[in-house]
Amino acid sequence: MLDLLTMGTAFLVLFLGFWALQWCTRFFSTRYYLQVGVLIGIVMTSLYLVARLITGSISIQVLGIVLILLFVALYHLVVAIIKIRESDSRYRWIHKANRAVVSYDTPHERIALRTEDGERIQAIKLCHTPLETPVDTSNKAIIVCHGAGRSKNTLPVVQTVEILATKYDVFTFDFRGHMESSGVFKGDGDTEYDLKAMIEYVKRAGYEKIAVIGWSVGAWTALLSASRGRPVDAIVAGSPPPGSMTNLFFIRSLERMGIFQMPLVAATSIVRGMWVAVGKHILNIEDFVRKVPQIPILLVYNDYDRTLRASAEAFERLYEKLPLGSDKLRLPGKGHLFDWPNTYFLWTKMFEWLDQNF
């Protein structure tokens, strides 16, 4: 039987090695099963050490170590269970499927970008693979932006990108603090630096027209980017938070957790592949949406947005502030844009609208 010192050393190596990789790199972002396996390994070694310790003489010091190990085991077990239930790679019922992390079947090019404030952004490009070619779209590109707690590899984003690539060259990327990109997401407008880097890359590649299709935070960021004069020619804005980012669940939770912020942030980095912190200032969509130039915009929203806890009326008030001539699509029921069959309605409308406005 392994001695206590050997198991203790193995536990420390596993525990410290895992969190060093999780916190300082994006090593586990695309290694789902390895990440879950290490979490379970930490749980098992913690419980083994507890079992060995309580069979010997109990002192105050030993009791303290046992309690710490039990907390470590419980914390990692809960995170592993949530990870398996919420964001695994298997197809589950629709709301769970919309959180699944999947790979691209379509051939694509990986691109690493650097933002003006120094973050490394992981992006990909899918070249136009036409089913048919009724019009020339070679001078046009589309950038797809995901929502908070999602990524370029989230199932609905992957599906949307691959469908768009039947007609356009498509670029997508991970916002800072998400999946494979560096940094921390603060929800104070910082994601606009990431989209700006993507737009500049696409422009340097020679594309004359750029459309941005954003979902949630991605839509919010697209409107912010246009308001700052970035060369965007059309926007499909799906469920942009009709206020500030402080209304997002992740940000609200951090503000309320106090001393428990660190365990929450650590768990979020595993479960959602998202590194998050509270920003230094609040940027409300009403602060910039009126500055969006006269470009074609399609605002898409549900009867009730269950994620943002916002009614259709909140989005319609936002619509009134968009440039004249903007369009809107109201999807039936409760959801957050990608909820079947609303996904089909969105894709159909998206192509029709792009044909007419881009």
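Me: Which ring does arginine 26 lie over?
Reply: Arginine 26 sits over the face of tryptophan 275, at 3.7 Å from the ring centre. A charge counts as over a ring if NZ of Lys or CZ of Arg is within 6 Å of the ring centre and within 35 degrees of the ring normal. Keep in mind that this is a predicted model, where local features need pLDDT of at least 70 and side-chain atom pairs count only at pLDDT 80 or more, while totals for chains, interfaces and linings use all residues. Residues are numbered from 1 along each chain as its sequence is written, and side-chain values use heavy atoms, with hydrogens and water left out.

Me: And what about arginine 31, which face is that one over?
Reply: That would be phenylalanine 27, with arginine 31 at 4.0 Å from the ring centre.

Me: OK, rings with rings now. How many aromatic pairs are there?
Reply: There are 13 aromatic pairs in the structure. Rings of Phe, Tyr and Trp (its six-membered ring) pair if their centres lie within 6.5 Å; planes under 30 degrees apart are stacked, over 60 edge-to-face, and the rest tilted.

Me: Why is the pair of phenylalanine 11 and phenylalanine 15 called stacked?
Reply: Because their planes are at 20°, with the ring centres 5.8 Å apart. Both residues are in helix α1 (residues 4-24), four residues apart, about one turn of the helix. Helices here are DSSP runs (H or I, at least four residues), strands are too (E, at least two), and both are numbered from the N terminus.

Me: Is phenylalanine 11 buried or exposed?
Reply: Phenylalanine 11 is buried, at 8% relative accessible area, whereas phenylalanine 15 is partly exposed at 22%. Buried is under 20% relative accessible area, exposed is over 50%, and partly exposed is in between (1.4 Å probe, protein chains only).

Me: What kind of pair do phenylalanine 18 and tryptophan 19 form?
Reply: Edge-to-face: the centres are 5.1 Å apart, with 85° between the planes. Phenylalanine 18 is buried at 2%, and tryptophan 19 is buried at 15%. Ring pairs also link Phe18, Trp19, Phe27 and Phe28 into a cluster.

Me: Switching to strands. Which way do β6 and β7 run?
Reply: Strand β6 (residues 234-238) and β7 run parallel, joined by four bridges. For two strands to pair, DSSP has to find at least two bridges between them. Isoleucine 235 has isoleucine 297, in β7, as its bridge partner.

Me: Which other strands does β7 pair with?
Reply: With strand β9 (residues 327-335) it's parallel over seven bridges, and tyrosine 301 stands opposite arginine 330 there. With strand β8 (residues 310-311), β7 pairs in the antiparallel sense over two bridges. Strand β7 itself (residues 297-305) is mostly covered, with seven of its nine residues buried.
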